[in-house]
Amino acid sequence: MSIDNTKVVNLNLKKEERISDFSDFQKQNLKFDINKLQEAYNQIIKTKKFEDAGITHFGAISLTQIPGDPDSIKGNKARGVYWTKPDKTGKEVSRDVEIDEAAYSEFIKDYENTYFKEVYDVLSSKYKLGRVRILLKEPRSTLSWHRDPEPRLHIPIVTNPGCLMVIDNVAKHMPADGSVWVTNNTKYHNAFNGGEENRVHLVACVLDYKFN
């Protein structure tokens, strides 16, 4: 039987071409109780709705704000500045408003009786944090291809195997098991939820974390 060589896939790739580099996803030596995280999340959403900040299939609940300034977590301030390449020209453009991340130092009192306060206290003792938010990605949806001013800390709370984050051309699933990750959001990236249930992460801007 003859073989149609036009349909043979060449697997003779160099080692560096076959192995994905996950160095932009850095798991931290830190872990929280996933059951308590999920309980705290369910406690909050009984009384608080996600802000969409003008983005379809996206939601944010801010856990920190500028002291005494509840307006600092409203509208586009729930999202903040980022850069993207929106069309075929490949030209980079800036979106949304500049955020003074370091000013977001007050944990919102409404959530002080939840496990998130304990998590925040631990994280803020180890990292210089900006905004801390609970972020929602709805089923079968994706973020834009974009980059952010700083790395981001992720603690997955609710996820599924169809949820992946892509940085450059490397995709990774972060499980909801209490683990803490820092991702290199200063590179172009996105996140998508290919599952049929919500993806919910605690996400913090990290101002003192350096990737090699």
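This is a predicted model: local features need pLDDT of at least 70, side-chain atom pairs count only at pLDDT 80 or more; totals for chains, interfaces and linings use all residues.
The largest nonpolar core comprises 36 residues. Within this core, the residues with the most contacts are F32, L63, F116, L123, L153, I155 and L202. Two helices are among the elements that contribute two or more residues to the core, namely helix 2 (34-45) and helix 3 (115-126). Strand 7 (129-137), strand 10 (152-158), strand 13 (179-183) and strand 15 (199-206) likewise each give two or more residues.

Q65 is located in strand 3, which spans residues 64-65. The relative accessible area of Q65 is 10%, and because this value is under 20%, the residue is classed as buried. A polar contact of 2.7 Å joins the side chain of Q65 to the side chain of E106. When neighbours within four places in sequence are set aside, Q65 is in contact with P70, S72 and I73, and also with A103, Y104, S105, E106 and I108.

For the cysteines, zero disulfides were found in a search of the whole structure. C163 has a relative accessibility of 3% and counts as buried. C205 is buried as well, at a relative accessible area of 0%.

Technical notes
Residues are numbered from 1 along each chain as its sequence is written. Side-chain values use heavy atoms; hydrogens and water are left out. Helices (H or I, at least four residues) and strands (E, at least two) are DSSP runs, numbered from the N terminus. Buried means under 20% relative accessible area, exposed over 50%, partly exposed in between (1.4 Å probe, protein chains only). A polar contact is a pair of N or O atoms within 3.5 Å; within protein, one must be able to donate a hydrogen and the other to accept it, and residues adjacent in sequence count only if both atoms are side-chain atoms. Contact means heavy atoms within 4.5 Å. A disulfide is a pair of cysteine sulfur atoms within 2.5 Å. A nonpolar core is a set of buried Ala, Val, Leu, Ile, Met, Phe, Trp, Tyr and Cys residues joined through side-chain atoms within 4.5 Å.
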